[in-house]
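User: Could you take a close look at one part of this protein for me, the way its helices pack towards the end of the chain? I'm new to this, so please start with the overall layout and then walk me through it.

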Amino acid sequence: MAAAGLSAEEERATKQFLEEINKWTAQNGMSPLSWNAGVKFLMARKFDVHRAIELFHSYRETKLKEGIVELKPHEEPLRSELLSGKFTILSVRDRSGASIALFTAKLHQPNKTLQHVVLQALFYLLDQAIESFETQRNGLVFIYDMAGSAYTNFEYDLSKKILHLLKGAFPARLKKVFIVGAPVWFRFPYSVLSLILKEKLRERVQMVKTHELKQHLPGDCLPEHLGGAVRLDHSSWNRQFLALPNGQPESLDKLITGFSREEESVHVPGLEGMTVEELLDHVNTVQKRGIYEEYEDIRRETPPGTFNCSLQPYNQQKNRYGDVLCLDQTRVKLKSLNHDERTDYINASFMDGYKQKNAFIGTQGPLEKTYHDFWRMVWEQNVLVIVMTTRVDESGRKKCGQYWPLEQHTQGNYGLISVRNMSVEIFKHYNKTTLEIRNGETYEGRKVIHFQYLSWPDYGVPSSAAALIDFRSAVRRQQELCVRAVSGGWRGHPGGPPILVHCSAGIGRTGTLCTLDICLSQLQDVGTLNVYQTVRRMRGQRAFSIQTPDQYYFCYTAIIEHAQRQHLLPTNH
């Protein structure tokens, strides 16, 4: 698309946008964003540079989180999904020049199609549609055709994701969403759905009867079955996108998700990063109350995934707390025993670290009935360091099982894994235990270091920020030593296998420690950090991470205290 299609003011906004974005791409070793790609994001946000930058990062993060990367439209199952007719871009436009996208609900069979494949097809076709300057300028109308559909065709989570993606994570102007011919049973799920939609999106969604659609869109741009004159030909329309010639505009997918697979972490430096001076100014400006409100904004967000596995009847007894579940999308899957998929569950989630995918496993304090599962996970995930941030008993309540042999030179047997306590070192705020674990099937042995931090009350904050940060440094040093000592050499990410972190529920103290580690790692690397974004992204992997506003506020004060100790800030603040 030539720059001639833009006004002088729009060109200035595009230059400003690309200057900011390409600082970020250069910092992350990615190809710069092109002019054409930049215009797409600006068009979608009416050339508001700040909002376009937010959209860029939301688009990138959504594609990574939902697995909408490295799409292969000529391969199954995506090819069949693209040619199914379920979702298509009509060959006509409305009177304003907007593209019209159609989703046919009755063709969706949740028991036969994975959600992420549906989302891949939707993103792929929309990506092709917005290559058109006319679509970028005039926007998109989305028709959700429910005529003739049954309850078995409906997926609440998928509907919610599609609406959020269209409005908040895709570079197109969403003009209107028409839900057409909705059955009576849809009223209740729609009432629930409308409650969680942002107000601007809710204003754009309209339920209409099939015969009423012509009052909103002219008949010459509607399919015949919706009262119009357009003969549907999903297959040939969608097939044209499978045979794109060389010389097509460059793919946003390649531009935006250009990380190496090893570094595909959600925690990378972004334009929203703060220096420690800016962070201190922010805390001084909004005060404790403002930080608490910041936490409430995060807490109100709906977790971006499902909890189906945690809620299965045969798994519920494995959850320490009934309201602390792990997302299906990030849960740690154990190897099934005797090909029984019901044996692959443990309440544990992979969590990214700073520039490292799956740097942590966040999990609950093991129950007696899950000791075997816990040690299977340690073995299968090659864990070298375990970090426990709770006591077994606190205030007369059981917070965690005694899942390892406490006394030196004693041994515990947990299914196929035996664990021997080799030595215990006592420090002021924590204990460090060297364990030898052995697999009874392969007869292999490994060394695992177990840290237990003792100065942190449940739901509360540590008695000393300095002591916790020093503890974090000790854990990091130990991880480095263990990785170097791996027999035969460690071939994965230089940061090593996941560090396993748990408290009682695996979200409060666990989330706080991981937040500090990510923020301090980024601070050391590039001199900036962002607590708010770190916690939001973390909760997308280990739902409900950081349980209280006090824990969230503690992250800020601990970082400030650390910066003062490191002489990055004056100590008189």
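Analyst: In this predicted model, the C-alpha centres of domain 1 and domain 2 lie 40 Å apart. Domain 1 takes in residues 74-241, and domain 2 takes in residues 276-566. Where the two touch, four residues of domain 1 are in contact with four residues of domain 2.

Now to the part you asked about. The UniProt record, an unreviewed entry, annotates residues 469-553 as "domain: Tyrosine specific protein phosphatases". Over that stretch the chain is 58% helix and 5% strand, and its end C-alpha atoms are 15 Å apart.

Before we meet the helices, here is a handy idea: a pair of packed helices is described by the angle between their axes and the distance between those axes. The crossing of helix 17 past helix 18 is right-handed.

Which residues meet there? From helix 17 come Gly-511, Cys-514, Thr-515, Ile-518 and Cys-519, and from helix 18 come Val-531, Thr-534, Val-535 and Met-538. The residues of this contact divide into six nonpolar, three polar and no charged.

Helix 18 passes helix 19 in a right-handed crossing.

On the helix 18 side of this contact you will find Val-531, Tyr-532 and Val-535, which meet Tyr-552, Cys-555, Tyr-556 and Ile-559 in helix 19. Here the residues divide into seven nonpolar, no polar and no charged.

Most residues other than glycine have a negative phi, and most peptide bonds are trans. Lys-46, in the loop between helix 2 (35-44) and helix 3, has a positive phi near 55°. Glu-76 and Pro-77 are joined by a cis peptide bond, with omega about 5°. Pro-77 sits in the loop between helix 3 (49-65) and helix 4 (78-83).

Note on methods:
Residues are numbered from 1 along each chain as its sequence is written. This is a predicted model: local features need pLDDT of at least 70, side-chain atom pairs count only at pLDDT 80 or more; totals for chains, interfaces and linings use all residues. Side-chain values use heavy atoms; hydrogens and water are left out. A crossing is left-handed if the near helix is turned anticlockwise from the far one by less than a right angle, and right-handed if clockwise. Helices (H or I, at least four residues) and strands (E, at least two) are DSSP runs, numbered from the N terminus. Contact means heavy atoms within 4.5 Å. Ala, Val, Leu, Ile, Met, Phe, Trp, Tyr, Cys and Pro count as nonpolar, Asp, Glu, Lys and Arg as charged, and the others, Gly among them, as polar. UniProt positions are given in the numbering used here, feature names are shortened, and annotations may be inferred rather than shown by experiment. Domain bounds come from an automatic or database domain assignment.
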